[in-house]
Amino acid sequence: IDPSELEAAMGSASSIRQLMRSRNIKKIPGQTHIEIDGKVTTFIANDQNHPRITEIIDELDNLRIEMEKLGYVPDTSCVLGGDGLLEDEKSYALMFHSERLAMALGFISTPPGTQLILTKNLRVCSDCHEATKYYCRI
């Protein structure tokens, strides 16, 4: 159940979340799947469990630097629960969305120019959509 989609039909998102809690309904976390060499890897946001996470984070940091050179400005409004965070912290949090983790793994695991195919169970946030365009330019 996606509260944002039900809001128009049933009421406010907060009332829908309250209803979900009362019925013990859990929201499914966003996941991104990538297949590399016949093996499917699944990431969720802020996933730190991959054996190559240090390399993935290094790649994401390098990509961020290159993107900023090309004019990329993070859309920090896409950071959920980031009310108490500084803008730099929100920008950093965006790097750990599941699709970015999956793309970074693809970049470090395949030759340059390899087509990467990601599968998601939810939609991509606007910042990750924009970041993907920049990744294609690097």
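Along strand β1 (31-36) the side chains alternate in direction. T32, I34 and I36 point to one face and are buried (under 20% relative accessible area, against over 50% for exposed and in between for partly exposed, with a 1.4 Å probe and protein chains only). Strands here are DSSP runs of E with at least two residues, helices are runs of H or I with at least four, and both are numbered from the N terminus.

The structure is a predicted model, in which local features need pLDDT of at least 70 and side-chain atom pairs count only at pLDDT 80 or more, while totals for chains, interfaces and linings use all residues. Residues are numbered from 1 along each chain as its sequence is written, and side-chain values use heavy atoms, with hydrogens and water left out.

The chain contains 6 helices and 3 strands, and from the N terminus on the order of elements is α-α-β-β-α-α-α-β-α. Of its 138 residues, 32% are buried. Contacts (heavy atoms within 4.5 Å) were also sorted by separation along the chain. Among contacts with a separation of 6 or more, 64% join residues 24 or more positions apart.

The strands form an open sheet of 3 strands in the order β2-β1-β3, with antiparallel pairing. Because β2 and β3 stand at the edges, each with a single partner strand, one side of each is left without a neighbour in the sheet. Neighbouring strands are turned against each other by 25 degrees on average, direction ignored. Two strands count as paired if DSSP finds at least two bridges between them. The antiparallel pair of β1 and β2 (residues 39-44) has 6 bridges, and the two strands form a hairpin with 2 residues between them. In the turn, D37 has a positive phi of about 55 degrees. The antiparallel pair of β1 and β3 (residues 118-120) has 3 bridges. T32 stands opposite F43 in β2, and the bridge partner of T32 in β3 is K120. H33 stands opposite T119 in β3.

T41 lies in strand β2 and counts as buried because its relative accessibility is 11%. Leaving out residues up to four places away in sequence, T41 touches T32, H33, I34, H50 and L105.

Helix α5 (98-109) lies across β1, β2 and β3 and runs at about 15 degrees to β1. For such angles, axes are lines fitted to C-alpha atoms, for helices over the stretch in contact, and the values run from 0 to 180 degrees between N-to-C directions.

The axes of α3 (residues 53-69) and α5 come within 9 Å and cross at roughly 100 degrees. The two helices are therefore roughly perpendicular (65 to 115 degrees; under 35 is roughly parallel, over 145 roughly antiparallel and the rest oblique). Helix α3 contributes I53, E55, I56, E59, L60 and L63 to the contact, and α5 contributes R100, L101, A104, L105, F107 and I108. These residues comprise 9 nonpolar, no polar and 3 charged. In this classification Ala, Val, Leu, Ile, Met, Phe, Trp, Tyr, Cys and Pro are nonpolar, Asp, Glu, Lys and Arg are charged, and the others, Gly among them, are polar.

Helix α3 also packs on α6 (residues 126-137), at an angle of about 85 degrees and with the axes 10 Å apart. This pair is therefore roughly perpendicular as well. The contact involves L60, L63 and M67 of α3 with A131, Y134 and Y135 of α6. By class, there are 6 nonpolar, no polar and no charged residues.

R100 is in helix α5 and is buried, with a relative accessible area of 3%. Its C-alpha atom is separated by 7.5 Å from that of L60, which is 40 residues away along the chain. Apart from neighbours within four places in sequence, the contacts of R100 are L60, Y72, L94, M95, D127, C128, A131 and Y135.

L101 touches F43, I44, N46, D47, I53, I56, L60, M95 and F96, not counting residues up to four places away in sequence.
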